[in-house]
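Me: I'd like to go through this model with you, a few friendly questions at a time. Where shall we start?

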Amino acid sequence: MIPATAAHALRQRHTVANAASGGGVGSAPVAPTFPRSDSACALSETSDQDQQLPRAKTALLTTSPHRKPAHHPAPPRDRSFRTRYSKLDMDRLMAERDEFRGFYVMFWVSIAFYAAWTVLSNLQSRGILFSLDLWHGMTRGIGRAILTDLKMVSTLFGSMVLTYLHAWRLISPTTGAWLQISYETAFVLGWVSSIYRSNYYWTQTSFLVLHTLSNFFKIHSYNSTIRKLAAAEIRRRHLLRTLISADLSSSTSSDSAPVDPATEAANYAELDHLEAVLCPHGTLRYPAHVSLTNFADYLICPTVVYELEYPRTECIRWRYVAVKAATGIAAVSVMFLTVESHVLPIVSKPQGLAQFPGAVLHLFLPFIAMFLMTFIVLFESACNGLAELSCFADRHFYDDWYNSSTFEQFARKWNRPVHEFLHRHVYLELHKEFAVPKPKAQFLTFLFSSVLHEAAIFVITRKFRMYFFVMQMFQLVLIWAARHPLIRRHPVAGNAFFWFGMFLMIPTLTAGYCWY
């Protein structure tokens, strides 16, 4: 019997040797068995080196008695992705009979009355239901903005060039790292500067900047993961050559130096680990998964962390997609009414320092409404809608951020996809690959997030003020203070302080960027 891969050829010998030693010289060899997930991975991709393994060498490897049978655990699965629903998804609320469902319905009824009150107020005060000035600004040059976005998306496929260079082993992981840095730097700086120079309306600029940054996260995660898989594949091939050479030497020559059992065991353990890395979920295996289809599917999925596979739903529920689309349209309509009727009339008129507190007080409720509608549009409508269209089963886009008692909890719970990216590709890479201590890695991750936020605000407002950067970095002091036992014993007070900060921070920052 010739195994499909050299790795399995090396493993077969353990079972055969054990059976032979237990049954005597004349005992027939017993056919080896493999763990289901391990063999599925191995059979999915056969390297050129494995296919060229001669039959005689394979026979020697499968009958070599130099190593005892070893336990081969199933490849570990990434627990960051699994089938989950978002917390405020109405299907989940109704299916689980969640007690929060009535409050969620009441929220939408309140939003409907708020929209009706806004329209009637406009009719009484200005004689119109709503102004179309904001709409004219949003639609002016919309074709040019869409074309810019499509061009930006097309440049994402430059990642496939790096991917195929790694898959065909034309570059080393080190060279690939430098090419990745060059490509990603050119991508983000080139497109952000292009958007800044194009002078789009602020709504179009906001969308283009956020879409560019989210795609920057996507390609960084994709390129980094592919580069690490390529390095693992190179290491696996090196181990196979080492093990095959050692086995052939010990099997064909009695004068060869004995193989150190500890070294051999370590090599086999590392080989098992590399197989688990290259085929983490038991089906797709690097580089068999490399394709334009796989990359395009990743771009559609509402995640910025790349995996070879994600949990999937069985079909697309078009009624669900329609509900999420209607939810998004309703939320955007409320945002439009709020900005047009309650925000622009105030922020469009510069205020002195004496009038600043009163103006900010007038913006408290409108901006909280805007904040909640933004949350609905991004996570309940857009992310869930894309997840349904791409059959992406993990809908864990946020946690119960509204229950946060500290700003540290809010940073983790508000935007789970971006938090997962920062944790995996900034914090963990700093800590594990560059040996940065945990406190410094946490600080640098927070600093990276703050710089990106301020850069986005700079492009949108065309003002370099550092208000948001200073306020976000000040959260480090609040996070440190929140760890005091006295505050931890009173989470309700912490939650009240969190909401007080949200009510105060959003309108204050907006007014500051608009007026000063």
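**Rings, helices and backbone**

Me: What is the relative accessible area of Trp499?
Reply: Trp499 is partly exposed, a class that lies between buried (under 20% relative accessible area) and exposed (over 50%), with a 1.4 Å probe and protein chains only. Keep in mind that this is a predicted model, where local features need pLDDT of at least 70, side-chain atom pairs count only at pLDDT 80 or more, and totals for chains, interfaces and linings use all residues. Residues are numbered from 1 along each chain as its sequence is written, and side-chain values use heavy atoms, leaving out hydrogens and water. The relative accessible area of Trp499 is 21%.

Me: How many helices does the protein have?
Reply: Helices (H or I, at least four residues) and strands (E, at least two) are DSSP runs numbered from the N terminus. There are zero strands. The number of helices is 21.

Me: What share of the contacts in the protein with a separation of 6 or more is between residues 24 or more positions apart?
Reply: A contact here means heavy atoms within 4.5 Å. The chain has 516 residues, and 45% of them count as buried. Among contacts with a separation of 6 or more, the share from residues 24 or more positions apart is 79%.

Me: How many aromatic pairs does the count come to?
Reply: Rings of Phe, Tyr and Trp (its six-membered ring) pair if their centres lie within 6.5 Å; planes under 30 degrees apart are stacked, over 60 edge-to-face, and the rest tilted. By this rule, the number of aromatic pairs is 42.

Me: Within what arc do the buried residues of α13 fall?
Reply: Those residues are Asn294, Phe295, Tyr298 and Leu299. They line one face of α13 because, seen down its axis, they stay within a limited arc, taken from the directions from the helix axis to the C-beta atoms. That arc is 140 degrees.

Me: What arc do the buried residues of α9 cover around the axis?
Reply: In α9 (residues 158-167), Ser159, Met160, Leu162, Thr163, His166 and Ala167 are buried. They are on the same side of α9, because the arc they cover is only 160 degrees.

Me: At what angle do α6 and α14 pack?
Reply: Helix α6 (residues 101-126) and helix α14 (residues 318-347) have axes 10 Å apart, the axes being lines fitted to C-alpha atoms over the stretch in contact, with angles from 0 to 180 degrees between N-to-C directions. Residues meeting there include Trp108, Tyr114 and Trp117 in α6, and Ala330, Val334 and Leu337 in α14. They pack at an angle of about 35 degrees.

Me: Which two residues does a cis peptide bond join?
Reply: Most peptide bonds are trans. Here omega is about 0 degrees, and Pro287 lies in the loop between α12 (261-278) and α13. The cis bond joins Tyr286 and Pro287.

Me: What is the phi of Cys391?
Reply: Most residues other than glycine have a negative phi. Cys391 lies in the loop between α15 (356-389) and α16 (407-413) and counts as buried because its relative accessibility is 17%. Its phi is positive, about 60 degrees.

Me: What is the phi of Arg97 near?
Reply: Arg97 is in the loop between α5 (90-95) and α6. With 53% relative accessibility, Arg97 counts as exposed. Its positive phi is near 50 degrees.
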